[in-house]
Amino acid sequence: MANAASGVAVADECVARFQELRTARAHRFVVFKIDDSLQRAVVDKVGARDAGFDDLTASLPADDCRYAVYDHDFTVGDATAQGAGGEAPRSKIFFVSWSPATADVKSKMVYASSNEGFKKELDGVQIDVQATEPSELTLDVLNAHVSASS
């Protein structure tokens, strides 16, 4: 269904890859782009489960917008945890809106107007991050969001 604000539809494959990440933990990340006709959001890249955060950031172009979801694993202190030092494993799914300053103005406008509608298609996203430059999308930034949401 097309997004009312921008007219951009979400391809079924986008939702399918997200569900594989969320429920089956089959992927570490999925990067989405709006196709050249500006009519549909499609899957751009899929990161294997063993991919790292650097693989995600390397998948984001320096001069064009993208959306991405990233399954971030981390640990929290937990008195009931069986792990070393009382650390319990956790995971949060981040939605990333990547809109670099060097991107075309039209691209930035289409991505911005499609953002909320696209996120609604991805049921289960837990934390939203917007970034316009690499320093705004680091593991430290993700960990700060995790700490704030705990």
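**Entry 1: the sheet**

I started with the strand order. The chain forms an open sheet of 6 strands, ordered β1-β3-β2-β4-β5-β6, with mixed pairing. I then looked at the edges. β1 (9-10) and β6 (127-131) stand there, each with a single partner strand, so one side of each has no neighbour in the sheet. I noted α1 next. This helix packs on the sheet and touches β1, β2, β3, β4 and β5. Its direction makes about 160° with that of β2. I keep in mind that this is a predicted model.

**Entry 2: pairing, strand by strand**

I reminded myself that strands of a sheet pair through backbone hydrogen bonds, either parallel or antiparallel. I went through the pairs in sheet order.

- I found β1 and β3 running parallel, joined by 2 bridges. Here V10 stands opposite A41 of β3.
- I found β2 and β3 running antiparallel, with 7 bridges between them. F32 has V43 as its bridge partner in β3.
- I found β2 (residues 27-34) paired with β4 (residues 66-77) in the antiparallel sense, over 4 bridges. V31 faces A68 in β4, and F32 faces Y67 in β4.
- I found β4 and β5 (residues 87-98) paired in the antiparallel sense over 12 bridges. For H72, the bridge partner in β5 is K92.

What stands opposite F32 in β4? Y67 does. On β3, the bridge partner of F32 is V43.

**Entry 3: positive phi values**

I checked the backbone angles next. Most residues other than glycine have a negative phi. I wrote down two residues with a positive value.

R25 has a phi near 55°, and this residue is not a glycine. Where does R25 lie? I placed R25 in the loop between α1 (12-24) and β2. Is R25 buried or partly exposed? R25 counts as partly exposed because its relative accessibility is 35%.

L38 has a positive phi of about 60°, again without being a glycine. I placed L38 in the loop between β2 and β3 (40-48). These two strands form a hairpin with 5 residues between them, and L38 takes its positive phi there. L38 has 28% relative accessibility, so this residue also counts as partly exposed.

**Entry 4: helix α3**

I turned to α3 (residues 105-121). This helix has 17 residues. From its first C-alpha to its last, α3 reaches 25 Å, close to the 24 Å expected at 1.5 Å a residue.

I followed the axis along the helix. Where does α3 bend? The bend is at N115, by about 50°. I also listed the buried residues of α3: S107, V110, Y111, S114, N115, F118 and K119.

Last, I looked at the start of α3. A side-chain oxygen of D104 comes to within 3.1 Å of the backbone nitrogen of K106.

**Entry 5: recap**

- β1 and β3 are parallel, while β2 and β3 are antiparallel.
- R25 and L38 have positive phi.

Definitions and conventions:
Residues numbered from 1 in each chain as written. Predicted model: local features only at pLDDT ≥ 70, side-chain atom pairs only at ≥ 80, totals over all residues. Heavy atoms only, no water. Pairing = 2+ DSSP bridges. Buried < 20%, exposed > 50% of the residue type's maximum accessible area, 1.4 Å probe, protein only. Expected span 1.5 Å × (residues − 1). Bend = angle between axes of the 7 residues up to and from the residue. Polar contact = N/O pair within 3.5 Å; in protein donor to acceptor, adjacent residues only side chain to side chain. Contact = heavy atoms within 4.5 Å. Axes fitted to C-alpha atoms, helices over the stretch in contact; angles between N-to-C directions.
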